[in-house]
Amino acid sequence: MAGKQFPSLAHTRPASSRCLFAVGALLLFSAVYFLLLSPAKPGPIGSPISNPSITTSFVASLDQFLDSPYYPAVSSPAPSDLDAAIRKEEETRLYGDPGGLWPAAHAPLRVYVYEMPRKFTYDLLRLFRDSYRDTTNLTSNGSPVHRLIEQHSIDYWLWADLIAPESQRLLKNVIRVQQQEEADIFYVPFFTTISYFLLEKQKCKALYREALKWVTDQPAWQRSEGRDHIIPVHHPWSFKSVRRFVKKAIWLLPDMDSTGNWYKPGQVYLEKDVILPYVPNVDLCDYKCASETQSKRSMLLFFRGRLKRNAGGKVRSKLVTELKDAEDVVIEEGTAGAEGKVAAQNGMRKSLFCLNPAGDTPSSARLFDAIVSGCIPVIISDELELPFEGILDYRKVAGKLVNIKLHIQRSRRVVRESRSLCTCECRVGNTTMML
């Protein structure tokens, strides 16, 4: 968090350290949600799922949320002198009793959730709920509009938990505060993806401008220029027309894409922003499912999806050429929709490895489809930054998905009888494949 510094405080931390603390805490905050929304953590075979009553369906959860009888408490207005209020709060928090010798212990991450006008929040959620069943048109990449909204719904899950009654909240390492001077970070609950896909283009841009003005008029934003504000920008096209005005804020993104195809240079970088996972397109293969499918995984490598893509996704056509005659490998053209979901889900649950090449962006929701299907993902993508890569060891995630004998066939060599995950590299053109 980068607020003003107060030179009169002999021991006050510089603003940059407060920012690093907030971003670090946000990573922990978001990492818990990654584990919750996978959509549940796969445990060892035969072990129970923790809290099986949690609703992981976006549509089902949204219905419950919009029909719930409670309404969140309206956030308190900002104090007239926010700098002075924050200074007093920070002195108490950092040093505890002024007469004490030691700083106070760190508290959980404290989030102030803006109470934005309903047209930026509830109205957009209701628009999705009332229209998604009739939204059958396809986007340019062949996916139904409603499926893409669900895929990028991480902003809904975070916000719904933050404003829920304390007894119903899932995250305990983050608390919501009602006073702005108590906050480490400020959450902006504007659903940029829903508005992008369900509003007419000019109406969407007008709403973006309204949201921008509302947020930038807030005293807390003006104090820090947005450095301690979190804005969900999870679809690569969402909020695009006004991004340059909020580039100092913390963005919630699906990937970095440092190629410049989706984000302008200087707008996104790891020191500031947080990568959040896509919500999986397929159903969770829980411990019971993993146990039942373990002996049925007869396929070595599986991929189903569009074989012609742009940018880094062009590697897909090269993979077809390289692997078309390989034994126990299935690579097939597939489309989105109910039938496509079933076909992809069945293929992943029958396979040891699932091919995860880049799409139009370096990342792909297919990675998380593989994880929740108990299929070890094989990532083929340059410039890819995985969610929480500094916290989660993805090799261990892959190794714990299924208890199998690992078979890798490459260049006429077969590695058998290996019970631990191997990491190796091979190249197709200029692209590195990590297995």
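**Overview**

The model is predicted. The chain has 435 residues, and 52% of them count as buried. It holds 14 helices and 14 strands. Among contacts with a separation of 6 or more, 70% join residues 24 or more positions apart.

**Disulfides**

A search of the whole structure turns up two disulfides. Counted along the chain, the bonded cysteines pair in the pattern 1-2, 3-4. The table sets the two links side by side.

| Disulfide | Sulfur distance | Angle about the S-S bond | Hand |
|---|---|---|---|
| Cys285 and Cys289 | 2.0 Å | -95° | left-handed |
| Cys354 and Cys375 | 2.1 Å | 110° | right-handed |

The link of Cys354 and Cys375 joins distant parts of the chain, 21 residues apart. Cys354 sits in strand 9, residues 351-357. Cys375 sits in the loop between helix 13 (366-372) and strand 10 (376-380). Both Cys354 and Cys375 are buried.

Are Cys285 and Cys289 buried or exposed? Cys285 has a relative accessible area of 4%, so it is buried. Cys289 has 11% relative accessibility, so it counts as buried too. The cut-off for buried is under 20%. Cys204 also falls below it: its relative accessibility is 4%, so Cys204 counts as buried.

**Helix 2 against helix 6**

Helix 2 covers residues 58-67, and helix 6 covers residues 154-162. Their axes come within 12 Å and cross at roughly 35°. The crossing is left-handed.

Which residues of helix 2 and helix 6 meet? From helix 2 come Phe58, Ser61, Leu62 and Phe65. From helix 6 come Tyr156, Trp157, Trp159 and Ala160. By class, this contact has seven nonpolar residues, one polar residue and no charged ones.

An α-helix has 3.6 residues a turn, so residues three or four places apart point the same way.

Helix 12 spans residues 338-349, a run of 12 residues. At 1.5 Å a residue, helix 12 should span 16 Å. The C-alpha atoms at its ends are 17 Å apart, which agrees with that expectation.

Several residues of helix 12 are buried: Gly340, Ala344, Gln345, Gly347, Met348 and Arg349. What do the buried residues of helix 12 pack against? Their partners are helix 10 (287-293), strand 7 (299-305), strand 9 and helix 13. Strand 9 is also the element that holds Cys354.

**Two loop residues with positive phi**

Glu225 has a phi near 60°, a positive value in a residue other than glycine. Glu225 lies in the loop between helix 9 (219-224) and strand 4 (229-232). Its relative accessibility is 41%, so Glu225 counts as partly exposed.

Asp328 is another such case. Its phi is positive, about 60°, although Asp328 is not a glycine. The loop here runs between helix 11 (315-323) and strand 8 (329-333). With a relative accessible area of 42%, Asp328 is partly exposed.

**Two buried loop residues**

Pro189 is in the loop between strand 3 (185-187) and helix 7 (192-198). Why does Pro189 count as buried? Its relative accessibility is 2%, and the cut-off is under 20%. Leaving out residues up to four places away in sequence, Pro189 touches Tyr114, Met116, Phe120, Thr121 and Trp159.

Gln180 is in the loop between strand 2 (174-176) and strand 3. Gln180 has a relative accessible area of 3%, so it is buried. Which residues does Gln180 touch, not counting residues up to four places away in sequence? They are Ser76, Ala78, Pro79, Leu82, Tyr112, Tyr114, Phe186 and Ala220.

Methods. Residues numbered from 1 in each chain as written. Predicted model: local features only at pLDDT ≥ 70, side-chain atom pairs only at ≥ 80, totals over all residues. Heavy atoms only, no water. Disulfide = S-S within 2.5 Å. Buried < 20%, exposed > 50% of the residue type's maximum accessible area, 1.4 Å probe, protein only. Helix = DSSP H or I, 4+ residues; strand = E, 2+ residues; numbered from the N terminus. Axes fitted to C-alpha atoms, helices over the stretch in contact; angles between N-to-C directions. Left-handed = near helix turned anticlockwise from the far one by under 90°. Contact = heavy atoms within 4.5 Å. Nonpolar A, V, L, I, M, F, W, Y, C, P; charged D, E, K, R; others polar. Expected span 1.5 Å × (residues − 1).
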